[in-house]
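Open the model in a viewer and keep the selection panel at hand.

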Amino acid sequence: MDHATRTIETYDQIATDYHVIATPEHRAWLEDSMREFYSRLPGKSVLVAGCGEGRDSRYLQTLGTHATSFDLSEGMLSLARASDPVGKYLHLDLRHTQKIEQTFDGIWACACLYHLTKPEFRICLQDFHRRLNPGGVLFLNLKLGAGEHFIEIPRDGYPGGAAAKEKLSGSRFYAFYTRNELSEYFVNYSVEMERRDLLKEGDGAMEFWLRKCLKGTS
Ligand SMILES: C[S@@+](CC[C@H](N)C(=O)[O-])C[C@H]1O[C@@H](n2cnc3c(N)ncnc32)[C@H](O)[C@@H]1O
């Protein structure tokens with residue numbers, strides 16, 4: 001079983017409890033990040049990658065975007081579709097985004113790209129570049145640290161605290177990056193904004209708002 005299959009099996013198992021991470025503090029932080037993303041978009045079409053149970057897709061639509069969302073966990077997708085029956089939710093792997101023919105003004109990739117290996121992450125950023133319209137914006141967040149490994153129990157500082165540790169355990173694959181290392185991945189994007197995110201304990205995490213540059217101008 002590869003890292004993605006194992007990770008998605010876990011998401012299928014924890015899907016109905018995943019809401020425990022949606023604390024008021026965590027949602028306020030992410031909604032601020034989404035408003036920042038929305039303010040930078042050159043248009044209204046948005047691709048929501050690794051959408052989970054669709055909370056961000058729904059919020060982005062309230063801001064006025066037209067969202068297409070995807071995830072590889074059927075458990076997560078069924079929750080997303082139940083909460084937003086007219087929304088567009090696709091069953092798709094982050095490693096196969098070249099199957100999407102449409103292009104978008106923005107891609108919102110929250111809390112999902114760290115489930116890819118580092119070579120997969122590099123390819124995914126290249127595919128996202130092709131999926132973005134000129135001047136399009138990519139939001140992503142990643143965990144700071146080193147290496148790649150499975151985590152069985154959410155770490156200290158994970159949103160949802162004790163409830164997350166109790167209900168969201170199970171094998172999930174993570175890749176960790178240093179800030180310096182990341183610059184080398186952002187080829188053909190310009191970093192418009194970045195900030196440390198809410199996770200203050202452990203290694204923490206970082207958010208990035210990247211703008212698509214024409215090839216060779218990043
Ligand atoms: C930490 S959850 C975040 C969900 C949502 N973005 C949020 O912020 O609430 C990670 C999501 O990424 C999805 N995911 C993990 N690996 C994936 C892959 N290879 N392709 C598509 N989705 C994937 C999982 O199924 C899960 O829904």
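A cavity here is a set of points, on a 1 Å grid over the protein atoms alone, where a 1.4 Å probe fits but cannot get out; lining residues have an atom within 4 Å of a point. Grid points are joined across faces, edges and corners, and a volume is the space filled by probe spheres set on the points. The model is predicted: local features need pLDDT of at least 70 and side-chain atom pairs count only at pLDDT 80 or more, while totals for chains, interfaces and linings use all residues. Residues are numbered from 1 along each chain as its sequence is written, and side-chain values use heavy atoms, with hydrogens and water left out.

**Cavities**

How many cavities of 30 Å³ or more does a search of the whole structure find? The search finds three. To centre the view on the largest cavity, select Tyr18, Gly50, Cys110, Ala111 and Cys112, which are the closest to its centre among the 46 lining residues. Next colour α1 (3-14), α2 (24-40), α3 (55-62), β2 (66-71), β5 (132-144) and β9, the elements that give two or more residues to this lining. Helices (H or I, at least four residues) and strands (E, at least two) are DSSP runs, numbered from the N terminus. By class, the lining of the largest cavity holds 27 nonpolar, eight polar and 11 charged residues; Ala, Val, Leu, Ile, Met, Phe, Trp, Tyr, Cys and Pro count as nonpolar, Asp, Glu, Lys and Arg as charged, and the others, Gly among them, as polar.

**Aromatic pairs**

Rings of Phe, Tyr and Trp (its six-membered ring) pair if their centres lie within 6.5 Å; planes under 30 degrees apart count as stacked, over 60 as edge-to-face and the rest as tilted. The whole structure has 11 such pairs. Select Phe121 and Tyr177: this pair is tilted, with 5.1 Å centre to centre and 50° between the planes. Phe121 belongs to helix α5 (residues 118-131) and Tyr177 to strand β7 (residues 172-177), 56 residues apart, so the pair links distant parts of the chain. Buried means under 20% relative accessible area, exposed over 50%, partly exposed in between (1.4 Å probe, protein chains only). Phe121, at 0%, counts as buried, and Tyr177 does as well, at 1%.

Move to Phe186 and Phe208, whose ring centres are 5.0 Å apart with planes at 65°, so this pair is edge-to-face. Phe186 is in the loop between α7 (179-183) and β8 (189-196), and Phe208 is in strand β9 (residues 205-212). Both Phe186 and Phe208 are buried. Then select Phe37, Trp108, Phe139 and Trp209, a cluster linked by ring pairs.

**Charges over rings**

A charge sits over a ring if NZ of Lys or CZ of Arg is within 6 Å of the ring centre and within 35 degrees of the ring normal. Arg6 lies over the face of Phe150, 3.8 Å from the ring centre. Arg195 has its charged end over the ring of Trp29, at 4.2 Å from the centre.

In helix α4 (residues 74-83), select the buried residues Gly75, Met76, Leu77 and Ala80. Their cover includes α1, β2 and β3 (88-91).

Ser73 is in the loop between β2 and α4, and is buried at 0% relative accessible area. Not counting residues up to four places away in sequence, Ser73 touches Ile8, Tyr11 and Asp12 (contact means heavy atoms within 4.5 Å).

Finish at Leu94, in the loop between β3 and β4 (104-109). Leu94 is buried, with a relative accessible area of 12%. Leaving aside neighbours within four places in sequence, its contacts include Phe70, Cys112 and Phe128.

Definitions and conventions:
1 Å grid on protein atoms, 1.4 Å probe; cavity = no way out; pocket = protein on both sides within 12 Å on 5 of 7 lines; lining within 4 Å.
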